[in-house]
Amino acid sequence: MKMNDTQTARRAVAAIALFSVAAALGAQTAAPATPLTVDEAVRKALAADARVAGALLDWNAARSKEKEARLRRIPALSLSANYTRLSEVNSSITFAGNTIDIPSTENAFTFAANLQYPVFAGFRLKESERLAGLQARGKEIAAEATRTAVAFETRRAYWEAARARANEGMLKENLALRERELTVVEHKVAQGAALYADQLDAKTRRDQAEMDLGDAAERTERSFLLLDSLVSGGDDRNGAVPAVERLILASAPDAPASGEISADKLAGTGAADALVAAALDTRPETRSAALAADMADAGLRLAEAPLYPTVALNGNYTFADPNSRVYFGGDQFTGTWSVGITFGYDLGGAPANLAAKEAARSTAEKSAADRRRQREAVALDARTCLSAYRRAERDVGMVERMLGQAREAERVARTRVANGAAGDLDLLGASISRLRSEFTILNKQIDLRIAAADLARAAGLGGGE
């Protein structure tokens, strides 16, 4: 009775697998799978990610603000025109016994040009232009940091998807081996060469392998969904076809890709120091901290500006009918001009301006301290990532030797089975050991790829696509 139940379960699993393959083939017919390398995935993610687009728009806006601050140095010239309808007024004056009637002006026309130029404004214009330039540079660095983060996130998602798919394939093989093991044990139990407890143990291992495969399939679906959302930018036009069926990961985990640290950069005793120096020079975080210190210094200069006097040049030209500066001008247009200089100093605001200067000085000192702290954090991050990369590299070398031993043990077991010196269970055990070694080395290789990408990020080399 138990044998029939087992065969029924196997037929059900086979039917489900056949249905899955048919569904996948149908989906691929509707939407062919797209081969995708890790570098192509990064390029697509950078082109589609809304965070990158938003950072670039912020940078463009900051550059426009910088241009605006630069153009503030141009003298302010304004033009105006005015027309006024006046009521009739009868007026006259008496002079030396004679009465003179003054004609009434009913229409007033005025055309004026005004020029203002701040000759000296306490370095406000200069520091404002400098501050706008620093802000634009900060937005550029922020855009670069966003690109670096998206590139690393995509690389990690790509390799995690590759890990999930490869692990699922290995767990399928593991389930097949456990199925064969259960069949062999059931045959031995039927012959009296094994106990029923052995059959239960084999069945438990088969069931566990089946659950592991189900979990692996779910992880594969989630990891491919994440990778697809990064690569497509959330575009769901192909949402009817699962991402796991639309994407073919073409990069091998045992081959380095661009955007990773090469072995040449890690050779030599001074590799760690050179890596830290490169990180301190190129990381967006250190450059942003330096810019923040410069911006705080510009803010200090702006806070000092009200403590200086201001000098402004003013000019005016008025062409009017009537012109208020011309007496008895009659009904005609007359042009007049004026040039002046204005000197000002805010005495009443001096105490408040001094307090603002001290606050700005404290902010500048804090920014300098933050800059030192950020450099220390970046140096620690670079050294930590280098240590993780070297540990992953050592692990790959050790596991590769283990895989060679496992494959040799499987070959020996197969030979012994052929010569009648060993049983099927011995070969299955050797095959499972070989599969475990392959599983381990694949995961270690992917760990190395992720560590290499993380090291490139830590060194400031991870967002150059």
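Start with helices α4 and α5, where α4 passes α5 in a left-handed crossing. Select residues 124-191 for α4 and 196-232 for α5. This is a predicted model, and in it the two axes are 8 Å apart and meet at an angle of about 160°. Angles over 145 degrees count as roughly antiparallel, and α4 and α5 are therefore roughly antiparallel to each other. Colour the contact by residue class: 19 residues are nonpolar, five are polar and 16 are charged.

Next, select residues 350-418 and 424-458, which are helices α9 and α10. How far apart are their axes? The axes of α9 and α10 are 7 Å apart, and the packing angle is about 160°. That angle makes α9 roughly antiparallel to α10. The crossing of α9 past α10 is left-handed. In the contact of α9 with α10 there are 22 nonpolar, five polar and 15 charged residues.

The crossing of α7 and α9 is right-handed. To display the contact, show A271, A272, D273, L275, V276, A279 and L280 on the α7 side, and R375, V378, A379, A382, R383, L386 and R390 on the α9 side. By class, this contact of α7 with α9 has 10 nonpolar residues, four charged ones and no polar ones.

Now hide the helices and turn to the sheet. Which strands form it, and in what order? Four strands make up an open sheet with antiparallel pairing, in the order β2-β5-β7-β8. Select 76-85 for β2 and 334-344 for β8: these are the edge strands, each pairing on one side only. From one strand to the next, the twist averages 15°.

Inside the sheet, select β5 (residues 107-120) and β7 (residues 310-321). These two strands run antiparallel and are joined by 11 bridges. Then pick L115, which stands opposite G315 in β7.

Move across to β7 and β8, which also run antiparallel, joined by 11 bridges. Here T310 stands opposite G344 in β8. Follow the chain to the loop between β7 and β8, where P322 is found. Is the peptide bond from D321 to P322 cis or trans? The bond is cis, with omega near 0°. For context, most peptide bonds are trans.

The last stop concerns aromatic rings. A search of the whole structure finds five aromatic pairs. One of them is Y83 with F109: the ring centres are 5.0 Å apart and the planes are at 40°, so the pair is tilted. Y83 lies in strand β2 and F109 in strand β5, so the pair ties together parts that are 26 residues apart in sequence. Show both side chains with the sheet as cartoon to see the pair in place.

Conventions
Residues numbered from 1 in each chain as written. Predicted model: local features only at pLDDT ≥ 70, side-chain atom pairs only at ≥ 80, totals over all residues. Heavy atoms only, no water. Left-handed = near helix turned anticlockwise from the far one by under 90°. Contact = heavy atoms within 4.5 Å. Nonpolar A, V, L, I, M, F, W, Y, C, P; charged D, E, K, R; others polar. Pairing = 2+ DSSP bridges. Axes fitted to C-alpha atoms, helices over the stretch in contact; angles between N-to-C directions. Phe/Tyr/Trp six-rings, centres within 6.5 Å; stacked < 30°, edge-to-face > 60°. Parallel < 35°, antiparallel > 145°, perpendicular 65-115°, else oblique.
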